[in-house]
There are 2 protein chains.
Amino acid sequence: MTSVDTILAYAAARRDDSRARWFEWLRIPSVSAQPPHAGDCRRAAAWLAEQLRGIGFTAELKDTAGHPVVLGHHSGPEGATRHLLFYGHYDVQPAEPMELWTSPPFEPVMVEGPNGPRVVARGAVDDKGQVMMWLEALRFWHDTQGGPPCRITVMVEGEEEVGSKNLPDFLEAHADALRADVVVISDSNMWNIDTPSIVTSVRGLLYTQLDITAANKDLHSGLFGGSALNPINLITRILGDLKDDTGEILIPGFYDDVPELSAEQRAQWDALKFDEGAFLGSVGLSVPAGEMTRGPLERLWARPTVDVNGIWGGYTGEGAKTVIPSDAHAKVSFRLVAGQSATKVLAGFRDFIVARLPEDAQVKIQVFSIGEGLKIPSDSPFIRAAQVALTAEFGKPAVLQGGGGSLPVVSQIKEILDLDCLLVGFGLDDDQVHSPNEKFDVVCFERGIDSHVRLLAALATA
Amino acid sequence: MTSVDTILAYAAARRDDSRARWFEWLRIPSVSAQPPHAGDCRRAAAWLAEQLRGIGFTAELKDTAGHPVVLGHHSGPEGATRHLLFYGHYDVQPAEPMELWTSPPFEPVMVEGPNGPRVVARGAVDDKGQVMMWLEALRFWHDTQGGPPCRITVMVEGEEEVGSKNLPDFLEAHADALRADVVVISDSNMWNIDTPSIVTSVRGLLYTQLDITAANKDLHSGLFGGSALNPINLITRILGDLKDDTGEILIPGFYDDVPELSAEQRAQWDALKFDEGAFLGSVGLSVPAGEMTRGPLERLWARPTVDVNGIWGGYTGEGAKTVIPSDAHAKVSFRLVAGQSATKVLAGFRDFIVARLPEDAQVKIQVFSIGEGLKIPSDSPFIRAAQVALTAEFGKPAVLQGGGGSLPVVSQIKEILDLDCLLVGFGLDDDQVHSPNEKFDVVCFERGIDSHVRLLAALATA
């Protein structure tokens, strides 16, 4: 047997142990957005560092202005020069709304699904489950081969779900330790349950909160209606203006730096025969809501969007209250594509708002996340090596696809460390990431472990 | 001394007692919109019935499908035929947002203000404070004269703040007991602290809640942004379309039945020299936000409006969550003027929404209140008699004004009992009705008691 076959056999005999460790980590409610969970975030980080030390890594928690980063290192075999940097995040999205979970979000359970057993918990896949896959692969290399086949640095942050805002400082401060050959990230999905995927472009994220204020107190709409400015009416006018009837975004200059798809790229994506009807049908929808003039994968992977992620103001309790409130609020985010400047989009959005703001209204714009879209060269030796490993595992190569979501870290790593990322993840589109009842199919988790065992071998020699 | 002078002297010697009773009632948190306060509503009703019985009335709680109505009666002097119906409400608006109160909303306190002492509490003026004024006047007539100068029926409901939806059934069921000559209501404001006011028109209220749903679960905006319908974006588009840049409401047919002001009415109101700058300045605003082509009092009293009173959906916690939610909600209300049909406006609003609803979105429209605007003849003998009483108290007659707010009961009384109302209230525009720190100036409360002592004498012989 080759060493890879030995490791895979060893891993296959230890599925229960892998799952037990995964569950242990999921039980720590490391919700980065909610200050009361700060201690849990640190606990989740400490747990991971301990695991790394158990398989021959040096590992410690590095403090940041926010939640700590777990930084681990293994020098690999004597004289190894190939250096892989594994990135992941131990923080998870808030679990709210709690009442929609069929089991408590931080008590992982295994239930049967169409693809066999699945694990339901917040973070089951995003990103604890995906980090666990490569952690387990490293463990099995350690147990059977004495360690990984090359130098490995591990960097797992705790603020991905809140925009990785302290990561740039961290990357600057630890640039020497982090200067690897390529960065491996598992935080994306497979094309389908039989077909792996490598993401070669990701959208950026600009996430803002608008706080609009008008009168200095809540008013009675009977006394003041017809005279006083209503900030909710105003915020709906501003946000309602964001798109036209065809789904095009109306902020002046918004599309200036958005590149058109190449004919080759369009042909590749057309060949995937993406079934948008089924994609939307799985969540109870039927008609695409984005730009009407664009194709489905183009809209998901290569076009910018704007979504209002939250809105609130005035009376939201039961029954009627005839109030003209003093303030209204919204969380508004943009997915950006490679080429767009996030700061330019933010400036355009600010101008768009200010142009619609009457004299008596004030707006505060908070920025929670600002990351740009990115394209990754799809002809690198690392992607070629990964294709070999994934083909060995799945019997076919990975689809080279765009990513609709945002990994600010990919942009930050490119900018600060000048490194490309290999984005190979094992989630599925129906994993309910960020929603109640987030799940990860066990078959995906286990093939993810095996894929990472193979990827380590392939990338070490690429 | 005339009997009125005797009563006024007696009342003046008992200010502390009046205030103590007022405070006792304010301490009962009778918030009709919030089911946990149902017991408090009944307690507030029972308190009032007990007070009425203490001054020679028969009084009982009449159950409705919602909160009970207090119904009291006094047959007046032997052979009295003149019959006054006093209406009021013992329910109050929710006190939220609690954190903006400078003292607990249901623990009334007396603090100094520009007009001398004022009482701060939820319901201080609306409408417990105003009901207390005529209750105290009736008490002092009872204590000094043995009873009121004519037949009196008292009807105080517990659902005014949630649209008086069970009152029509009550009026139908008790029509015989309620068939008086005129209905006296104190639930409005004075023109200013020195000038009383009688309201001769009120706007109606149509209060709705929109519940818009799209996907069957919350979605990740990275995975679904550009493809999935976002119900918050949608609700902002619908509500943002409600008015044009001049403040005109764009629902087709909305203004069809809105009468233009008569030249005489316009001249009367112009003569009041309403200072809209000061009115808005008192709440931190400077520029009127209603229809730009209309005058200030016309906009407040004689033009319909639409206000979004509340909005919510998606993630509203701290920080960022990149969700496309499954649903979005808003409370939307219209102030209507005499001539407009509330059901026709509701139908027009429904059509307006449905015309903007894509195939994948569903809307539910709940109606919490539906009452029409009303004009009251300003030349009735009761208004003339009230002017005599108010002139005696204030040294000048009351301003005959429009009312911006809504008293659904005024329409219901007109429709079911065919009675006109005499709307004479003693609040001030800065009373912060429906807002945190609602207050009632003690001087207004006390002159209100004295005015009601005089009104009873005047109306009994009108």
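**View 1. A patch of negative charge on the surface of chain A.** Here Asp169(A), Glu172(A), Glu372(A) and Glu415(A) come together in a surface patch of negative charge. Such a patch is made of residues with over 30% relative accessible area and no salt bridge, like charges being joined within 9 Å. Asp and Glu count as negative, and the place of a charge is taken as CG of Asp or CD of Glu. Glu372(A) sits in the loop between β14 (362–371) and β15 (374–375) of chain A. Its relative accessibility is 33%, so Glu372(A) counts as partly exposed; buried means under 20% relative accessible area, exposed over 50%, and partly exposed in between (1.4 Å probe, protein chains only).

Before moving on, a word on the model: it is predicted, so local features need pLDDT of at least 70 and side-chain atom pairs count only at pLDDT 80 or more, while totals for chains, interfaces and linings use all residues. Residues are numbered from 1 along each chain as its sequence is written, chains are lettered from A in the order in which they are written, and side-chain values use heavy atoms, leaving out hydrogens and water.

**View 2. Val308(A) in its strand.** Val308(A) belongs to strand β11 (residues 305–314) of chain A; strands (E, at least two residues) and helices (H or I, at least four) are DSSP runs numbered from the N terminus. With a relative accessible area of 0%, Val308(A) is buried. Its C-alpha atom is separated by 50 Å from that of Gln145(A), 163 residues apart along the chain.

**View 3. A salt bridge between two helices of chain A.** Asp450(A) and Arg15(A) form a salt bridge, with their closest N and O atoms 2.9 Å apart. The pair links distant parts of the chain, 435 residues apart: Asp450(A) is in helix α15 (residues 442–461) and Arg15(A) in helix α2 (residues 15–26). Both residues are buried. A salt bridge is a side-chain nitrogen of Lys or Arg within 4 Å of a carboxyl oxygen of Asp or Glu.

View 4. Arg82(B) is buried at 19% relative accessibility, whereas Asp181(B) is partly exposed at 35%.

**View 5. A salt bridge within one helix of chain B.** Glu136(B) and Arg139(B) meet through their side chains in a salt bridge (3.0 Å, N to O). They are three residues apart in helix α4 (residues 128–145), so about one helical turn separates them.

How values were computed:
Patches are made of residues with over 30% relative accessible area and no salt bridge: like charges are joined within 9 Å, nonpolar side chains (Val, Leu, Ile, Met, Phe, Trp, Tyr) within 5 Å. Accessible areas come from the Shrake-Rupley method with a 1.4 Å probe; for residues, only the protein chains shown count as cover.
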